Amino acid sequence: MTAQEVRLCGLLMREHFGEVVEKVGTHLLRSGGQHLRAIVHETGVSADLVKKSLCVLMHHGACSFISGRKGPGSPPEYQASCDCILRILRYPRYIYTSKTLYGDTGELIVEELLQRGHMTMSGTVKTVADRLSQNMEDGQSVDYSEVSSVFSKLVETHFLQRCPPLDGAGMTASSTQAGPNPTAAASSSTLPNPESFSECYKVPHVTLVGRGKRQLATEEGEEQRSAKRAKMEPETHGDEGIYWQVNFTRFHQHFRDQVIISAVASKLDQTSSEIVRTILRMSEVTTSPTDSCTKPLSANEIFRSLPSSHNIPRQILDQYLTLLVDDPMEFVGKIGESGGGMFVLNLHRALANLARATLESIVQERFGSRSARIFRLLLRKRHLEQKQVEDFAMIPAKEAKDMLYTLLSQNLVQLQEIPKTPDFAPSRTFYLYTANQLPTARMLLQKCYKTVSNLVERRLFETKENKRLLEKSQRIEAILASLQASGAEAEQLTEVEEMISAPEKQQLEVLKLHVNKLDSAENQVDETIFLLESYINSTC
């Protein structure tokens, strides 16, 4: 991992878990696997806080443990996962996708699992039903069966999966919840792959009957007593010890499919994108996320699976499939004639073309359309001399020379020397310019990480500078909500609202505007990060 990735991981851990977890997690990322005593010694954090920090990271899947290198009986070593920590950046996108596909219930289910790492089905259903009931009118509530139904749909479509048990130890999520002593849970190896677990997507029979409860304004002492009573008298629902987590791979597969569908829609038309969407939907279960192309599908199968609302005749479908096969982007390929023709979607080719378009767009935005023309030319022709670049790109010699040197200084193009003689004399050497897509994508990915780190750091700085004002605003909002729930008069509400002066309100609006812009910029850069990561991973 690079310095930019470690920096971004540290900022994400500080924002979501606090400074102590950030210190421990960053140390593990930089130093690799270490046992508990070494972490305590090198970070200067107390052993108790290190144990709690490791529990937090393990609970969210960002840390794993392996048996000691010195053999049986040696202390386990802990390793932090950079990829798992970077997923935090994409949490809003996971939640928004769940809301789009499964409504408010799906959104809250995924949000709860992301916030807590993993939960039982019964616990998730109860929490989500209570949250939904809280925002409903008096006398209305959500039935547990409605939330359970949406939970089951998320599992059926593989957006949620069971947490796999550890071999030999039988450790589940409860062991990380139990207390701040992860050493007791360390058995033999890292967490196994959930997909290798035979009951990964099997929904247990949960005996959960009732409706969501509205939380009334109670005294703090009563809340503590009820929480203590719940601990002393735990309820059983038939799914004890079965914990669930978000399947990030499935979400990434959905994001990739949406990017491909959008690209086809913008390049051709909406009907073509619906045909591609149908192919991807039919291949969701049969195609592995690491496959370079989908399983072959016949034109007859595609025609039968097309949504009836689009009303696409068979003859028109054949014409569109031919158009997709002949398109220069080569998203769809034809590999046979049986069943009206056998078609596949070339996922690797699609990601490569989309990454290439992204690189060209970045060059155009930074250096202008002429530089983008030169960069695009070098990607296609591979190796060209300066004179050839000038002729093919139809750019004057002086301008082409300046643009090439600018691109060369930014590592977007490379210069390769091919000598005619062993002495490398300049007069007897060919100087060829070339552009390599994969190294360029890797370099720009690191710049994207740096950009997101700067955005996160700026957002944290803005909120820290206005911390007092934000806390005051939150206190007043809580008082207003309490008064409205108790049916207070309008005069009382107005009096509380006036506790914030006009300049403070204006400052709050400016702060919210800045934070919203920073959040929007983070999400936009993350889309580029996801595309470049998908392309780089598909080439490995």
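Mentor: Two strands pair if DSSP finds at least two bridges between them; strands (E, at least two residues) and helices (H or I, at least four) are DSSP runs, numbered from the N terminus. This is a predicted model, in which local features need pLDDT of at least 70, side-chain atom pairs count only at pLDDT 80 or more, and totals for chains, interfaces and linings use all residues. Residues are numbered from 1 along each chain as its sequence is written, and side-chain values use heavy atoms, with hydrogens and water left out.

Trainee: Over how many bridges do β2 and strand β3 pair?

Mentor: One of the bridges joins I66 to its partner E77 in β3. Strand β3 covers residues 77-80 and pairs with β2 in the antiparallel sense. The number of bridges is 4.

Trainee: Are α12 and α14 roughly parallel or roughly perpendicular to each other?

Mentor: Helix α12 (residues 270-282) packs against helix α14 (residues 314-326) at about 85 degrees, with axes 10 Å apart. Angles under 35 degrees count as roughly parallel, over 145 as roughly antiparallel, 65 to 115 as roughly perpendicular and the rest as oblique. Therefore α12 and α14 are roughly perpendicular.

Trainee: Is T322 buried or partly exposed?

Mentor: T322 also lies in helix α14, and its C-alpha atom is 8.8 Å from that of K334, 12 residues apart along the chain. Buried means under 20% relative accessible area, exposed over 50%, and partly exposed in between (1.4 Å probe, protein chains only). With a relative accessible area of 44%, T322 is partly exposed.

Trainee: What class of aromatic pair do F251 and F255 form?

Mentor: Both are in helix α11 (residues 248-267), 4 residues apart, and so are separated by about one helical turn. Rings of Phe, Tyr and Trp (its six-membered ring) pair if their centres lie within 6.5 Å; planes under 30 degrees apart count as stacked, over 60 as edge-to-face and the rest as tilted. F251 and F255 are 6.3 Å centre to centre with 45 degrees between the planes, and the pair is tilted.

Trainee: How many residues apart are F255 in helix α11 and F530 in helix α22?

Mentor: F255 and F530 form an edge-to-face pair, 5.8 Å centre to centre and 85 degrees between the planes, and both residues are buried. Ring pairs link them into a cluster that includes Y91, Y94 and F159. The F255–F530 pair links distant parts of the chain, with F530 in α22 (residues 502-539), and the separation is 275 residues.

Trainee: In β12, what is the bridge partner of Q416?

Mentor: Strand β11 (residues 414-419) runs antiparallel to β12, joined by 6 bridges. Strand β10 (residues 383-384) is also joined to β12 (residues 429-434), by 2 bridges. For Q416, the partner in β12 is L432.

Key:
Axes fitted to C-alpha atoms, helices over the stretch in contact; angles between N-to-C directions.
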